[in-house]
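Colleague: Could you walk me through a few local features of this chain? I'd like to start with the strands and then look at the backbone.

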Amino acid sequence: MGGGFGGIFLSMSDRFIQIAASIASIARGFQVRGWALGTSGNLSAVVEREPLTLAMSPSGVDKGDLTAEQILMIDEHAAVISDHHAKPSDESPLHIRIIKERGAGAVLHTHSIWNTVLSDIHAADGGLSIEGYEMLKGLEGVSTHEHCEWLPILENSQDMLALADRIGDTLRKHKDAHALLLHRHGLYSWGRDLAQAKRHVEIVEFLLEALGRTRLISQQRKV
Ligand SMILES: [Zn+2]
C-alpha cells in the first residue's frame with residue numbers, strides 16, 4: 001500500500017479499517033450461529049481493485065474472538081502487505097479466484113453442519129437444486145419463489161491452486177450461481193459487498209437447513 005500520495009493512502013487505509021471492522025463482526029456472528037466453529041471459515045473483501053488488494057481473515061484464529069486489528073491486507077497472490085506477522089487463511093486463493101471470476105466485492109465461507117451434510121448427500125449429482133422457497137428472493141436478482149437455484153458441489157482438495165482452477169471453471173459454467181459447496185467441507189458465497197455476501201450466506205444456510213430438516217422429518221414420518 002506504499003506510495004507517497006497521502007490522500008490516496010489515507011482513503012484506502014480508512015476503507016480498510018471499516019472493512020476490517022465489518023469482517024470481524026460478521027465472523028463473530030457466524031461463529032455464534034455454529035457456522036464457523038474451531039477456527040473454521042474465512043472471510044474477505046476487496047479494499048482496492050487496481051492493484052487487487054483484499055482484507056482477509058488470518059489463519060487459525062477462533063472466529064468468535066476475531067478483532068478488526070487481526071484482519072490482514074493481502075495482494076492478489078495472497079501475500080500479506082499489512083504490518084502483521086500472521087498467515088492469511090490457506091483458502092485465500094479460492095477467495096481471490098471468486099473475486100476475479102465474479103467481480104465480487106466480498107467472499108464469505110462457512111462450515112455449518114447442514115452445508116456439510118447436504119454437500120455429502122448430493123455430491124454424486126455434482127450439485128443440488130433449490131426451488132419453491134420464499135427465502136430464495138433474498139438472492140440478488142431473484143424475484144420469485146419459483147426460481148430454481150443450482151448449487152454446484154466440487155470435490156474437496158488441499159491443493160488450493162488446483163481447487164481455485166476448478167472453482168473458476170465451475171463459475172464460468174454456472175453463471176447464475178450465487179454460491180457453491182465443497183464436498184464435506186463448506187459453503188462459499190459472495191456479493192458486491194460484505195452486506196450482500198452476508199445476506200447470501202444467511203439465505204443459503206437457511207435453505208440448506210430447511211431442506212435437510214424437511215428430508216429428515218419426512219423420513220421419520222414414513223417409519
Ligand atoms: Zn474451509
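This is a predicted model: local features need pLDDT of at least 70, side-chain atom pairs count only at pLDDT 80 or more; totals for chains, interfaces and linings use all residues.

Colleague: How many residues of strand E6 are buried?

Modeller: Strand E6, which spans residues 148-154, is mostly covered, since 5 of its 7 residues are buried.

Colleague: And in which sense does E5 pair with E6, parallel or antiparallel?

Modeller: Strand E5 (residues 127-131) pairs with E6 in the antiparallel sense over 5 bridges, and within that pairing Ser129 stands opposite Trp150 of E6.

Colleague: What about E7, parallel or antiparallel to E6?

Modeller: E6 and strand E7 (residues 179-182) pair in the parallel sense, over 2 bridges, with Ile153 opposite Leu181 in E7. Between these two strands the chain passes through helix H4 (residues 160-173), and this β-α-β crossover is right-handed.

Colleague: Changing topic, which peptide bond is cis?

Modeller: The bond from Glu50 to Pro51 is cis, with omega near -10°, and Pro51 lies in the loop between strand E1 (42-48) and strand E2 (53-56).

Colleague: Where is Thr39, and what is its phi?

Modeller: Thr39, a residue other than glycine, has a positive phi near 70°, and its place is in the loop between helix H1 (6-32) and E1.

Colleague: What about Ala78, buried or exposed?

Modeller: Ala78 also is not a glycine and has a positive phi, of about 70°, in the loop between strand E3 (72-75) and helix H2 (92-102). Its relative accessibility is 19%, so Ala78 counts as buried, the cut-off being under 20%, while Thr39 is partly exposed at 35% relative accessible area.

Notes: Residues are numbered from 1 along each chain as its sequence is written. Side-chain values use heavy atoms; hydrogens and water are left out. Buried means under 20% relative accessible area, exposed over 50%, partly exposed in between (1.4 Å probe, protein chains only). Helices (H or I, at least four residues) and strands (E, at least two) are DSSP runs, numbered from the N terminus. Two strands pair if DSSP finds at least two bridges between them. A crossover is right-handed if, with the strands pointing away from the viewer, the path from the first strand over the helix to the second runs clockwise.
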